[in-house]
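Me: I am new to this structure and would like a close look at a single part of it, the surroundings of the ligand. Please take me through that part in one connected account.

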Amino acid sequence: MQVGTGISILNGIAIGKIKIFKAPTYEISDSLVEDPIPELDRYEKARVKAQEQQNALYKKAVKAAGEDSAGIFEFHAEMLDDDDLNDSVKSIIADQKHTAEYAVKQGFANMAQMFKEMDNPYFQARSTDVIDVGNCVLDILLGNDTESMQGTEPCILVAEDLAPSDTVKLDKSKLLGMITREGSSNSHTAILARSMNTPTLIQCKQIDDSWDGKFAILDGYNSCVYVEPTQDLIDTLTAKHNEDLKKEALLKELKGKTNTTIDGRTIKVFANIGGPQDIGAVQENDAEGIGLFRSEFVYLGSTKEPTEDEQFEAYKRVVETLAPKLVVIRTCDIGADKTIDWMNLDHETNPALGYRAIRICLTRKDFFKRQLRALLRASAYGNMGIMFPMIISVREVREAKEILAECRRELENENVKMGNPQIGIMVETPAAVLCADELAEEVDFFSLGTNDLTQYTTAIDRVNAKLEPFADSHHPAVLREIKMTIDAGHRHNCWVGICGELGADLALTETFLRMGIDELSVNAKSVLPLRKEIRSIDLSKPMSEKAQKFMNYLK
Ligand code: PEP
Ligand code: MG
């Protein structure tokens, strides 16, 4: 038996085989090959596999969304049978002696260009489908498809590190647990792991390639992993795992109940999501709405910028499915640890303090407008809130609202129906806290982003693993800022919530209630434990010792 230790970011146990994650690569060699036959063979195999994947997606989509919405995957599968396209790729390999990867990139790009030059707008729009399908074939050739990266069986995934853009692409249904050598507990990868309810160990320095395929148990309670554990450990930890499952089942009894303290104070408990794929977890855990839809995850999961229509579909699906519940969608918060190749952002020395979030949106107005138009269109289908991230000034909020108003005027002229979304901002910079009174006059709600607020207030880079020993999620300065924000919001009729990870910290629930918080938005799996905690609190009684300690910080 081998034992690895690290930092656990989710209490839970994962039991299964280890799979070493293969990081995606995007390098395409254009060196020529001597013998084209093996390359032709590689292309043919990748083409057939891509076709199988598209057919499988079609079947899945028919079940989930019906024939009409699924039709696109059928079209993709048919494209892979197109003789002109295949001949063109094969001739780049056979006649010009290029690699299969190079030929696919070139052949599909040529075909996309042909579509683009057609007069008919329908065919013009198909050029992006051609590129999409080409990318599927390329991913298979480069070993970047989920199957190559993750395997086909449920597994505990082991990696040097995982970027948020890798994590969003993982097939969650086959993910038992995750272990990384690097990583920090407040990174977006950690946040995604929590939202997927996947036991995860970071900074496990003992990781070894020889673990691949071996049976292991990840014990999140004790922050370790046992590779080829003893029978005693298997028995003990399997029993603990079964106990966890029973506890989870018991929590379900709280479904349908209110988030009300013993003395009658009710607050909202919402869920955080990354896209339409998370709606099931929201419903299953009975969240009263969505307090944070990280819209950038829709962008991260894509190989190119999603079109206005694609974004509209994603937002509409969430808003419509959950109506009349409130769905707060945060506008694109790209940058820092959430990087996207297709945005071609410059490398920066201080990305967390750099060109990100609203700063990108206000300077790339067309990009921002595509999202705002999609949001306004989707707002007609339910109860939506639009939230701007990384705000530091009233000027930014006014500018963002002005661009939103411009989109509204355009859509009105196009006779498009829209709703009246609430407007809010993330309070996640000390500047926003200190200007909260002025900012509250501009918006309907505040949502405290305690992950970034803690990072900027304590000057601790949230993704720097070395700083873990210095990090204090209960830092008095952050708790004071939360109280200041709540008070400023309430002075101006603005409701105030928390959507950072601190919202799910049960050690602080009573403190937040006593501070006057209106809403807590947490990962879906934390909704019912939080409800249980709220229902056990009596605000008319003297404060618990824990809350007393935190409330003393505010004096
Ligand atoms: C936060 O900063 O607290 C937050 C909710 O946003 P993100 O974690 O996506 O930066
Ligand atoms: Mg943030």
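Reply: What follows describes the site of ligand 1 and then turns to the chain around it. The model is a predicted one, and every value below is computed from it.

Start with the neighbours. Ligand 1 is surrounded by 16 residues, and the closest of them are H188, R294, R330, G449 and N451. By residue class, this shell divides into seven charged, five polar and four nonpolar residues.

Some of these neighbours can be described atom by atom. In the case of R330, an N or O atom of the side chain lies 2.8 Å from an oxygen atom of ligand 1. N451 takes part through its backbone: a polar backbone atom of N451 is 2.7 Å from an oxygen atom of ligand 1. Taken alone, ligand 1 exposes 290 Å², and the protein buries 100% of that. The space that ligand 1 takes is the largest cavity.

Next come the elements that build the shell. Those that give two or more residues to it are α8 (188-195), β10 (290-294) and α18 (450-458). Of the elements, α18 gives the most, with three residues.

The peptide bond from A323 to P324 is cis, with omega near 10°. In the loop between β11 and α13 (358-363) lies N344. N344 is not a glycine, yet it has a positive phi of about 50°.

Last, the wider setting. The domain assignment of the protein chain gives domain 1 (25-143) and domain 2 (256-552). Taken over C-alpha atoms, the centres of domain 1 and domain 2 are 38 Å apart.

Notes: Residues are numbered from 1 along each chain as its sequence is written. Chains are lettered from A and ligands numbered from 1 in the order in which they are written. This is a predicted model: local features need pLDDT of at least 70, side-chain atom pairs count only at pLDDT 80 or more; totals for chains, interfaces and linings use all residues. Side-chain values use heavy atoms; hydrogens and water are left out. A residue is near a molecule or strand if one of its heavy atoms lies within 4 Å of it. A polar contact is a pair of N or O atoms within 3.5 Å; within protein, one must be able to donate a hydrogen and the other to accept it, and residues adjacent in sequence count only if both atoms are side-chain atoms. Accessible areas come from the Shrake-Rupley method with a 1.4 Å probe; for residues, only the protein chains shown count as cover. On a 1 Å grid over the protein atoms alone, a cavity is a set of points where a 1.4 Å probe fits but cannot get out, and a pocket is an open set with protein on both sides within 12 Å along at least five of seven lines; lining residues have an atom within 4 Å of a point. A molecule sits in a cavity or pocket if more than half of its atoms lie within 2 Å of its grid points. Helices (H or I, at least four residues) and strands (E, at least two) are DSSP runs, numbered from the N terminus. Ala, Val, Leu, Ile, Met, Phe, Trp, Tyr, Cys and Pro count as nonpolar, Asp, Glu, Lys and Arg as charged, and the others, Gly among them, as polar. Domain bounds come from an automatic or database domain assignment.
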